[in-house]
Amino acid sequence: MTSSDAEVRIVNPPLLEHPPGYSHVVEVRGGRLIFIAGQAGVDAAGGLVGADDLEAQADQAFRNLSAALESVGCNASNLVKLTVFVRDMNKLADYRRARDRFFSTVSPPAAPAITLVEVSRLYSAGLLIEIEAVAAA
């Protein structure tokens, strides 16, 4: 990570349930905000990665997110908010395994605020997940 003017504070209020792998509140002061468009399970050529495998698509989406972050001098530790769209909430464990691998690429592991939403369709047939992000640096 490059030097940052942002002050990021993670808060998990005791009156809210303990969040598994994310934070309830992320406060950002100063610095810059980076907004990253939805990343999906496609490679640089636009080819679908993982066909009917949500975990493989999530891994690719996180690789894409990592490339987007690196392009502005950031990494997973800069993430403050994710919105994750999945086609099948029954595959939540598949997403979480990919998420946990990605977050563990930095120390301490990243734990941004996350919203997870099941949707009936994404921008292209065959896509099972799309992840948009906000980072602070």
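Which residues does Ile131 touch, not counting residues up to four places away in sequence? The contacts of Ile131 (heavy atoms within 4.5 Å) are Ala37, Gly38, Gln39, Ala61, Phe62, Leu65, Leu82, Thr83 and Val84. The structure is a predicted model, in which local features need pLDDT of at least 70, side-chain atom pairs count only at pLDDT 80 or more, and totals for chains, interfaces and linings use all residues. Residues are numbered from 1 along each chain as its sequence is written, and side-chain values use heavy atoms, with hydrogens and water left out.

Ile131 lies in strand 6. Helices (H or I, at least four residues) and strands (E, at least two) are DSSP runs, numbered from the N terminus. Ile131 has a relative accessible area of 0% and is buried. Buried means under 20% relative accessible area, exposed over 50%, and partly exposed in between (1.4 Å probe, protein chains only). Ile36 is 95 residues away along the chain, yet its C-alpha atom is 8.9 Å from that of Ile131.

Helix 1 has 17 residues. From first C-alpha to last it reaches 24 Å, close to the 24 Å expected at 1.5 Å a residue; the expected span is 1.5 Å times one less than the number of residues. Its buried residues are Leu54, Glu55, Gln57, Ala58, Gln60, Ala61, Phe62, Asn64, Leu65 and Leu69. Their cover includes strand 3 (33-40), strand 4 (79-86), helix 2 and strand 6 (129-136).

Helix 1 (residues 54-70) packs against helix 2 (residues 92-103) at an angle of about 30°, and the axes are 8 Å apart. Axes are lines fitted to C-alpha atoms, for helices over the stretch in contact, and angles run from 0 to 180 degrees between N-to-C directions. The two helices are therefore roughly parallel (angles under 35 degrees). The crossing of helix 1 past helix 2 is right-handed, meaning that the near helix is turned clockwise from the far one by less than a right angle. On helix 1, the residues in contact are Leu54, Glu55, Ala58, Asp59, Phe62, Leu65, Ser66 and Leu69. They meet Asp94, Tyr95, Arg97, Ala98, Arg99, Arg101 and Phe102 of helix 2.

Two loop residues were also examined. Pro108 sits in the loop between helix 2 and strand 5 (113-118). Its relative accessibility is 63%, so Pro108 counts as exposed. Pro108 and Ser77 are 31 residues apart in sequence and 8.0 Å apart in space, C-alpha to C-alpha. Gly73 belongs to the loop between helix 1 and strand 4. Gly73 is partly exposed, at 23% relative accessibility.

How values were computed:
Angles under 35 degrees count as roughly parallel, over 145 as roughly antiparallel, 65 to 115 as roughly perpendicular and the rest as oblique.
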